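Reader: I would like to learn how to read the features of a model like this one. Please take me through them in turn.

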Amino acid sequence: MPTQAAEPPLPLRAPRRERGVSLVEVMIAVIVVSLGMIGVLGAHSRGFSNTSSAGYRTQATLLAAGIVERARANLGGDYTIAMGAATGGSGQAANDLAAWKTQLARAMPDGDGSITIASVIDAGTGAPVRQMRVLVRWDDRRASGEGGAAGDPQYKFFMTETYLP
């Protein structure tokens, strides 16, 4: 009898290579990309808020410096005014204060200001001088994105102090 050669064992099938991606992998990728986009949008929004707030601070600085220079140009005028007070009287100081209050209201949301002038003694010379404090206030709730109930203001303040002869 002829001998038969033993049949070689069947080769094990190599595992089939997967092609493409599964639905789960796609969903995970979409979630990761979405979270990244939310983070980018949040950073962009915060950057915009900070830019707006910086703009208001710049306006407050410029307007405060402007009224100080007007007071220095008119040393005989009374530049004292309270927060929320209307300007009255006549003369250059009253005109300057009315223009300043109008500029504050137009340049910043709920913009207002006050000025106090007090007589003090200069520590260096011992001579009397007038100390002028300018306080500017505005509602920064739109820029800061903070706040409690709707309509609650988030006031920010800028103060400068100078001495008049």
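Reader: How many helices and strands are in the chain?

Author: Helices (H or I, at least four residues) and strands (E, at least two) are DSSP runs, numbered from the N terminus. The chain has three helices and three strands. From the N terminus on, they run α-α-β-β-α-β. This is a predicted model: local features need pLDDT of at least 70, side-chain atom pairs count only at pLDDT 80 or more, and totals for chains, interfaces and linings use all residues. Residues are numbered from 1 along each chain as its sequence is written, and side-chain values use heavy atoms, with hydrogens and water left out.

Reader: What share of the residues is buried?

Author: Buried means under 20% relative accessible area, exposed over 50%, and partly exposed in between (1.4 Å probe, protein chains only). Of the 165 residues in the chain, 24% are buried.

Reader: What share of contacts joins residues at least 24 apart?

Author: A contact means heavy atoms within 4.5 Å. Take the contacts between residues at least 6 apart in sequence: 54% of them join residues at least 24 apart.

Reader: How many salt bridges does the structure hold?

Author: A salt bridge is a side-chain nitrogen of Lys or Arg within 4 Å of a carboxyl oxygen of Asp or Glu. The structure holds four. One of them joins Arg70 and Asp96, with the closest N and O atoms 3.5 Å apart. The pair links distant parts of the chain: Arg70 is in helix α1 (residues 23-73) and Asp96 in helix α2 (residues 92-107), 26 residues apart.

Reader: Is Arg70 buried or partly exposed?

Author: Arg70 counts as partly exposed because its relative accessibility is 31%. Asp96 is buried, at a relative accessible area of 6%.

Reader: Which residue forms a salt bridge with Asp112?

Author: Lys101 does, with the closest N and O atoms 2.6 Å apart. This pair also links distant parts of the chain: Asp112 in strand β1 (residues 112-121) and Lys101 in helix α2, 11 residues apart. Asp112 is buried, with a relative accessible area of 10%. Lys101 is buried too, at 12%.

Reader: Which residue meets Asp110 in a salt bridge?

Author: Arg137, at 3.9 Å from N to O. Asp110 lies in the loop between α2 and β1 and Arg137 in strand β2, so the pair ties together parts 27 residues apart in sequence. Asp110 is partly exposed, at 41% relative accessible area. Arg137 counts as buried, at 15%.

Reader: Where does Arg137 lie relative to Tyr155?

Author: A charge sits over a ring if NZ of Lys or CZ of Arg is within 6 Å of the ring centre and within 35 degrees of the ring normal. Arg137 lies over the face of Tyr155, at 4.3 Å from the ring centre.

Reader: What does the side chain of Asp139 reach?

Author: A polar contact is a pair of N or O atoms within 3.5 Å; within protein, one must be able to donate a hydrogen and the other to accept it, and residues adjacent in sequence count only if both atoms are side-chain atoms. The Asp139 side chain reaches the backbone nitrogen of Gln154 at 3.0 Å. Asp139 lies in strand β2 (residues 128-139). Asp139 is buried, with a relative accessible area of 6%.

Reader: Which side chain does Asp140 join in a polar contact?

Author: That of Ser53, at 2.9 Å. Asp140 lies in the loop between β2 and α3 (141-144).
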